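Please find below a colleague's note on the structure shown here. The points take up the sheet, the surface and the backbone in turn.

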Amino acid sequence: MAEITLVGIGCGNSDYLTEAGKKAISDADILVGAARMLETADSDAEKITAVRTEDIIDIIENNAEKNIGVIFSGDTGFYSGTTRLTDELRRREKAFRIVPGISSIQMLSAKLGIPWQDWNLVSAHGRDCNILGKLMEGKDTFFLTGGNVVPSDVCRILTEAGLGKTRVFIGERLSYDDERITEAAAEELTAAEFDKLAVMLVKAVPVPEKQAAGIDDEQFIRGNVPMTKQDVRASVMARMNIAPGETIWDVGAGTGSVSVEMALAAKGGTVYAVECVSEGCELIRANREKFRTWNLTVVEGKAPDALEGLPAPDAVFIGGTRGNLNSILDVVFNANPEARICITAIALESLTAALSELTSRGLDVKVAQIAASRSRKLSSYNMLTADNPIFIITGGCDA
């Protein structure tokens with residue numbers, strides 16, 4: 001009876017192809033895979049270059065009486081083309097077997113002498129990948145690179161986030177005679193060039209301590225830039241309903257107090273703190289480092305222009321507009337018509353403008369007012385000092 005066998009051939013050097021893999025390749029009447037892999041396959045089988053699932057299925061359907069081996073780089077269980085192919089084979093009720101290979105994870109682990117069992121495993125090869133969000137898990141992180149993301153890109157992102165001293169290991173052409181391992185601080189490799197067959201390990205970065213919403217004001221590094229106070233922040237966070245992995249914009253970020261809280265809530269996602277005052281941007285960076293919210297990206301510039309080109313937001317907090325609320329909201333809703341909006345305002349005129357702009361866009365708008373007072377010591381007495389009342393206006397939020 002004809003067989004369909006999916007074979008992981010490892011990193012490329014046939015010395016690391018398993019005996020079971022060699023036998024499956026030898027027994028195949030037809031061998032299917034990418035040209036680079038077919039060239040190295042020791043087989044007398046007919047070799048057909050194909051990588052698209054649809055093309056491979058056509059070959060299988062047209063050769064039902066023959067043993068077909070489909071070869072894949074690395075291991076069949078790690079971001080491999082086997083995933084789509086096995087789904088399609090099951091849909092068509094076709095029997096198949098899988099012969100796994102030695103992955104680049106295992107190869108890099110062996111070369112470094114570091115166990116990989118606790119690594120965070122990520123593919124940045126031909127897919128969207130939140131580099132900093134992945135690092136927020138606090139583990140050594142393995143990146144399968146290639147396509148639009150190469151090792152120097154990862155190093156640049158780390159450096160721009162204030163993590164330039166982080167140790168990275170890059171393995172090029174693993175298993176081949178000319179393989180190379182590079183170890184350095186990320187900041188040393190932002191302009192380096194590497195072979196397209198490269199993977200990397202980023203050592204664990206410091207991660208945030210667990211914090212409840214409404215961090216004490218005194219914990220933040222502050223200057224002369226306005227800061228959203230603790231009680232207001234806690235209320236804002238409750239209304240924004242931020243989920244892990246989301247993309248958030250903080251427009252008019254000030255010192256970054258709200259940005260930090262949102263970055264903690266959006267763990268695995270990204271917060272873009274947009275601020276036009278240079279001192280504010282420096283404070284945001286300082287608070288990012290203090291709270292270890294590496295998934296917080298500082299964007300220095302004035303909205304709405306500074307918003308152009310940012311990834312579409314799931315939610316937006318607007319703490320300052322400099323009179324540009326209408327155009328800011330235009331950019332937001334052009335990027336994502338379903339974005340959740342939260343605006344804070346002190347002046348009645350700002351409240352009126354926010355209500356008008358949000359209702360004119362058909363959003364279900366809600367308003368809350370926070371009037372907090374704080375105790376202070378006066379001689380032997382504790383007195384209360386009131387903060388300015390703050391309006392919190394939301395549109396599209398559940399809370």
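1. Strands in this note are DSSP runs of E with at least two residues, numbered from the N terminus. The model is a predicted one. By that numbering, strand 18 comprises residues 381-386 and contains Met383.

2. An open sheet is built from seven strands, arranged in the order 13-12-11-14-15-19-16 with mixed pairing. Strand 13 (296-300) and strand 16 (365-370) form the edges, each pairing on one side only. From one strand to the next, the twist averages 15°.

3. Lys366 has Thr394 in strand 19 as its bridge partner.

4. Helix 8 (residues 230-240) lies across strand 11 (247-251), strand 14 (315-318), strand 15 (340-345), strand 16 and strand 19. The helix runs at about 10° to strand 19.

5. Leu378, Tyr381 and Met383 make a nonpolar surface patch of about 310 Å². Met383 is partly exposed, its relative accessible area being 36%.

6. Most residues other than glycine have a negative phi, and most peptide bonds are trans. Tyr79, in the loop between strand 4 (68-72) and helix 4 (82-91), has a positive phi near 45°. Asn241, in the loop between helix 8 and strand 11, has a positive phi near 55°. Tyr79 is partly exposed at 41% relative accessible area, and Asn241 is partly exposed at 42%.

7. The peptide bond from Ala303 to Pro304 is cis, with omega near 15°. Pro304 sits in the loop between strand 13 and strand 14.

Note on methods. Residues are numbered from 1 along each chain as its sequence is written. This is a predicted model: local features need pLDDT of at least 70, side-chain atom pairs count only at pLDDT 80 or more; totals for chains, interfaces and linings use all residues. Side-chain values use heavy atoms; hydrogens and water are left out. Two strands pair if DSSP finds at least two bridges between them. Helices (H or I, at least four residues) and strands (E, at least two) are DSSP runs, numbered from the N terminus. Axes are lines fitted to C-alpha atoms, for helices over the stretch in contact, and angles run from 0 to 180 degrees between N-to-C directions. Contact means heavy atoms within 4.5 Å. Patches are made of residues with over 30% relative accessible area and no salt bridge: like charges are joined within 9 Å, nonpolar side chains (Val, Leu, Ile, Met, Phe, Trp, Tyr) within 5 Å. Accessible areas come from the Shrake-Rupley method with a 1.4 Å probe; for residues, only the protein chains shown count as cover. A salt bridge is a side-chain nitrogen of Lys or Arg within 4 Å of a carboxyl oxygen of Asp or Glu. Buried means under 20% relative accessible area, exposed over 50%, partly exposed in between (1.4 Å probe, protein chains only).
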